[in-house]
Amino acid sequence: MVNAGDMNGSGNLMDFLDEPFPDVGTYEDFHTIDWLREKSRDTDRHRKITNKSKESIWEFVKSLLDAWSGWVVMLLIGLLAGTLAGVIDLAVDWMTDLKEGVCLSAFWYSHEQCCWTSNETTFDDRDKCPKWQKWSELLVNQSEGASAYILNYFLYIMWALSFAFLAVSLVRVFAPYACGSGIPEIKTILSGFIIRGYLGKWTLLIKTVTLVLVVSSGLSLGKEGPLVHVACCCGNFFSSLFSKYSKNEGKRREVLSAAAAAGVSVAFGAPIGGVLFSLEEVSYYFPLKTLWRSFFAALVAAFTLRSINPFGNSRLVLFYVEYHTPWYMAELFPFILLGVFGGLWGTLFIRCNIAWCRRRKTTRLGKYPVLEVIVVTAITAIIAYPNPYTRRSTSELISELFNDCGALESSQLCDYINDPNMTRPVDDIPDRPAGFGVYTAMWQLALALIFKIIITIFTFGMKIPSGLFIPSMAVGAMAGRMVGIGVEQLAYHHHDWIIFRNWCRPGADCVTPGLYAMVGAAACLGGVTRMTVSLVVIMFELTGGLEYIVPLMAAAVTSKWVADAFGKEGIYEAHIHLNGYPFLDAKDEFTHRTLATDVMRPRRGEPPLSVLTQDSMTVEDVETLIKETNYNGFPVVVSKDSERLIGFAQRRELILAIKNARQRQDGVVSNSIMYFTEDPPELPANSPHPLKLRRILNLSPFTVTDHTPMETVVDIFRKLGLRQCLVTRSGRLLGIITKKDVLRHMAQMANQDPESIMFN
């Protein structure tokens, strides 16, 4: 860009653009930002502040405040994200228990909190306390029997339907963008796409409230993905308070990358995993400075959540576990098998869910979002209630599946036959034969697994906030726990087999079924999302056990290999393509031997490219061109005969410039000549005032020659975040390639419908 101070207009001509006017440099909704331009504007702003800071003490203080504003924004994001996550956890805990009963001493207490405060609770009956009453006890004074069961069953369904109906109604009326996981859209926004309102205050408020309602309703979804959306809404809100971020879309996206890290930090209690998740999974542009700030935001968010202590166990998540026995090399085989299961489940889920979501988009089903949510909630509640493993919240289920069976565990999964002569430390109980409770739990888990696999396909993507992390982990944890119990019993009954002889002596604690559940959870989550490094770190931070990193890595890598064999897309990329968002995935490889001339517009037989000339078009000509076309910008050439390229002018800035010129500059009329050169053209004496618009001209648009390989062009678009690229030959303009042209060409080369890039 050329500085306004260097421009020499004619003596009596005012270049009104010397002073910036409102909205210049901003983008319209559903358009892509120009990363190079945003970077250049930030560099200019920084240079100006640095130069001014030498003029006075006050300017120096202002420069320090500007430098510190980034850290202040991170602090505020961490505090708000941590607080919201704590409030959501507490509210979900209470409302989930509300479906089954109420605390008489204080109705706002959950079952666990109610029994903590009771002095009449014994250790053997720790889940039963006089202050907590089921609905049947409260309404008809019966706790056992068919009538009590039916009443509790009916009220469980009614509460679930009430929560779900309220959630979908709030989303539909107040914030349609609050539905779904939010991660596909955040990936698209971070790649430079503008979706106004997606990270707005209403979306933040409604998503927070409805997230509590839908998780409490018992639907097969989690709050972890939507917490990333909530944290990004916090980031967007705080960045709008500082002009450094509110006026620069590129800088704003650095803040949103850090906010995504804070979201995962509070979702899983994994600050380092959150930073790696932002880097690996959602961010498009992640400079080193953003890495430090992401770490700080994730740290503050985790510290805030720890201060609130929503689960009362001084941990950041409900399913924190510690194991006491090491794993053995022979166990790598079942761990890898779990990885294969995770990859197959991921592939099955993505294909079925995308097929169902496409059906929802293209049929009448999509016109009845409230009815769909009500039907799925009713089916979920009716089938879930009879099975204790599907009735409880999914987080509690995962917590129980991850748990190691200690001497104090009362779970059915720990109903082993004990040796009456055993005298061992409490945390080192040897492998024992399974009792009746374990076998009952196994078939209940098998039914719960089938139910979760099917119902999650139909739940994810409905018009309510819905995360996928927790349901995926639950599927893997159930499969893993069953495999773990199978291996444990095999080792107990056949300890003389060659594979067990070296490491599993009679009376030893060899196999930890909870570890298999954890590995299975990681495998299934990896199969669905295709995460690897961040997934292993998140799972490691969940358990606090460094020695289990190898099993987790083996399962995560295996699940990714197996899933990638059937298709490279994770669930978020698949939803991006389903919605037609203009997202250029860095993971996609382009290996076709096409050239820029094959992709550029105009094609053969199409009308010529719409261009502006540097000094021969009137205001009326330009306004007519803008009205008749819907292009985002126009190349500026010397003349239509020579077509030698001068620069590129954005549509929005042309409209704003003409509008402001008519208001502020006398003599500008429809037949005024517009010029983009330093000096005005020579005009007849009686002609109206010309309009100088050199300030809005990008004098260095990115250009390639017509023989540039498309492999290089795709790489340029990815790495520089371009909106468009001009095609020239010997300085003469031939055509233009936009980001959507690149995406359409890539879809065509992959034998897909090029018009699927239709989001507008």
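What follows is a short chat about helices, cores and sheets in a predicted model.

Student: Let's start with helix 12. What span should its 21 residues have, and how far apart are its end C-alpha atoms?

Tutor: Helix 12 covers residues 288-308, and at 1.5 Å a residue it should span 30 Å. Its end C-alpha atoms are 31 Å apart, which agrees.

Student: Which residues of helix 12 are buried?

Tutor: Thr290, Arg293, Ser294, Ala297, Ala298, Val300, Ala301, Ala302, Thr304 and Leu305.

Student: Why would residues three or four places apart point the same way?

Tutor: An α-helix has 3.6 residues a turn, so residues at that spacing end up pointing the same way.

Student: And what do the buried residues of helix 12 pack against?

Tutor: They pack against four helices: helix 2 (57-98), helix 9 (243-246), helix 10 (249-268) and helix 11 (271-282).

Student: What comes just after helix 12?

Tutor: Asparagine 309, with a positive phi of about 50°. Just after helix 23 there is a glycine, Gly580, and its phi is positive too, about 70°.

Student: Change of topic. Which residues touch the most other members in the largest nonpolar core?

Tutor: That core has 158 residues, and the ones touching the most other members are Phe268, Phe402, Ile464, Met473 and Met539.

Student: What is phenylalanine 268 in contact with?

Tutor: Leaving aside neighbours within four places in sequence, Phe268 is in contact with Glu224, Val317, Phe469, Met473, Ile538 and Leu542. There is also a second, separate core of 20 residues, which includes Val619, Leu625, Ile658 and Leu691.

Student: Glutamine 444: buried or exposed?

Tutor: Gln444 counts as buried, at 11% relative accessibility. It is found in helix 17, residues 436-459.

Student: What does glutamine 444 touch?

Tutor: Asn387, Pro388, Tyr389 and Gln412, not counting residues up to four places away in sequence.

Student: On to annotation. Where does UniProt place the "domain: CBS" feature?

Tutor: The UniProt entry, which is unreviewed, places it at residues 600-664 and 697-755. In the model, residues 600-664 are 37% helix and 23% strand, with end C-alpha atoms 39 Å apart. Residues 697-755 are 37% helix and 31% strand, and their end C-alpha atoms lie 31 Å apart.

Student: What is the strand order in the sheet of 4 strands?

Tutor: The order is 3-5-6-9, in an open sheet with mixed pairing. Strand 3 (612-613) and strand 9 (697-698) are at the edges with a single partner strand each, so one side of each has no neighbour in the sheet.

Student: Which way do the pairs run, parallel or antiparallel?

Tutor: Strand 3 and strand 5 (residues 633-637) run parallel and are joined by 2 bridges. Strand 5 and strand 6 run antiparallel, with 5 bridges. Strand 6 and strand 9 are antiparallel as well, with 2 bridges.

Student: Why call strand 6 largely enclosed?

Tutor: Because 5 of its 6 residues are buried. Helix 26 (residues 651-664) lies across strand 3, strand 5 and strand 6 (645-650), at about 75° to strand 6.

Student: And the sheet of 3 strands: what order?

Tutor: That open sheet has the order 10-11-12, with mixed pairing. Strand 10 (703-705) and strand 12 (732-738) stand at the edges, each with a single partner strand. The twist averages 35° from one strand to the next.

Student: How many bridges join strand 10 to strand 11?

Tutor: There are 3, and the two strands run parallel. Thr703 is partnered by Leu726 in strand 11. Helix 27 (residues 710-720) packs on this sheet, touching strand 10, strand 11 and strand 12, and its direction makes about 65° with that of strand 12.

Terms used. Residues are numbered from 1 along each chain as its sequence is written. This is a predicted model: local features need pLDDT of at least 70, side-chain atom pairs count only at pLDDT 80 or more; totals for chains, interfaces and linings use all residues. Side-chain values use heavy atoms; hydrogens and water are left out. The expected span of a helix is 1.5 Å times one less than its number of residues. Buried means under 20% relative accessible area, exposed over 50%, partly exposed in between (1.4 Å probe, protein chains only). Contact means heavy atoms within 4.5 Å. A nonpolar core is a set of buried Ala, Val, Leu, Ile, Met, Phe, Trp, Tyr and Cys residues joined through side-chain atoms within 4.5 Å. Two strands pair if DSSP finds at least two bridges between them. Axes are lines fitted to C-alpha atoms, for helices over the stretch in contact, and angles run from 0 to 180 degrees between N-to-C directions. UniProt positions are given in the numbering used here, feature names are shortened, and annotations may be inferred rather than shown by experiment.
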